[in-house]
Structure formats: C-alpha cells, structure tokens
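Welcome to this short tour. Open your viewer, keep the selection tool handy, and follow along stop by stop.

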Amino acid sequence: MTTGPEQAVVAAELAEIRRNLDVGVARIDGQLALLAQRSEQNDRDVTVATERVRALEHGRWPLPSLAALTGVCALAVAIWQAAGH
C-alpha cells in the first residue's frame, strides 16, 4: 500500500499528464480547424478558377472554323479569277 506523500506525487504526475494531453488535443483541434478552413478556401478558389476557364473557353474565337472558312473563300476567289472575271 502506498503512503500519503507517494500518492500526492502520483496524483501530481497524473494531473500533469492530463494537462499535457488536454493541451495536445486542443492543439490538434486547432490545426484541424485551420486545415478545414484552408480546404474550404481551396474549394472556393478551384470553383472560381473553373468558372473563369469556362468563360474563357466560351468566349474564344473558333480558330479552326475560321481557318476553314478562309480557305473556302480563298478557293472561291481563285476559281472566280481563273474563270476570267
């Protein structure tokens, strides 16, 4: 059986361990909250970037179609000139 002073030392050490555990859990909770906030911000940034890319893709010139149209027009002009008009 333990004596009084030894029980006080054990109780003090257990209290220190509990305090360290509580501090560690609080630190982990804070880090998890920060990671969750950053994840949400990254999701918003990705959404905004995706919307911007879609807007740019929608507003771009259809260059292959314009090239084909220009080629057809050039061919028509060449045939017209060859016909003597």
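Select glutamate 16: its relative accessibility is 38%, so it counts as partly exposed. (Buried means under 20% relative accessible area, exposed over 50%, and partly exposed in between, using a 1.4 Å probe and protein chains only.) This is a predicted model, where local features need pLDDT of at least 70, side-chain atom pairs count only at pLDDT 80 or more, and totals for chains, interfaces and linings use all residues. Residues are numbered from 1 along each chain as its sequence is written, and side-chain values use heavy atoms, leaving out hydrogens and water.

Which residue does arginine 19 form a salt bridge with? The partner is glutamate 16, and the closest N and O atoms are 2.9 Å apart. (A salt bridge is a side-chain nitrogen of Lys or Arg within 4 Å of a carboxyl oxygen of Asp or Glu.) Side chains of opposite charge can pair when their charged atoms come close. By this rule, the count is one salt bridge. Arginine 19 is also partly exposed, at 44% relative accessibility. Both residues sit in helix α1 (residues 4-59), three residues apart, about one turn of the helix.

Next, zoom out to the whole protein chain. It has two helices and zero strands. (Helices, H or I of at least four residues, and strands, E of at least two, are DSSP runs numbered from the N terminus.) Along its principal axes, the C-alpha trace spans about 120 × 15 × 10 Å. Of the 85 residues, 1% count as buried.

Then select residues 61-83. UniProt, in an unreviewed entry, places the feature "transmembrane region" here; UniProt positions follow the numbering used here, feature names are shortened, and annotations may be inferred rather than shown by experiment. The span is 87% helix and 0% strand, with its end C-alpha atoms 33 Å apart.

Within that stretch, pick leucine 66, which is in helix α2 (residues 63-82). Leucine 66 is partly exposed, with a relative accessible area of 31%.

What is the distance between the end C-alpha atoms of α2? They are 28 Å apart, which agrees with the 28 Å that its 20 residues should span at 1.5 Å a residue. (The expected span is 1.5 Å times one less than the number of residues in the helix.)
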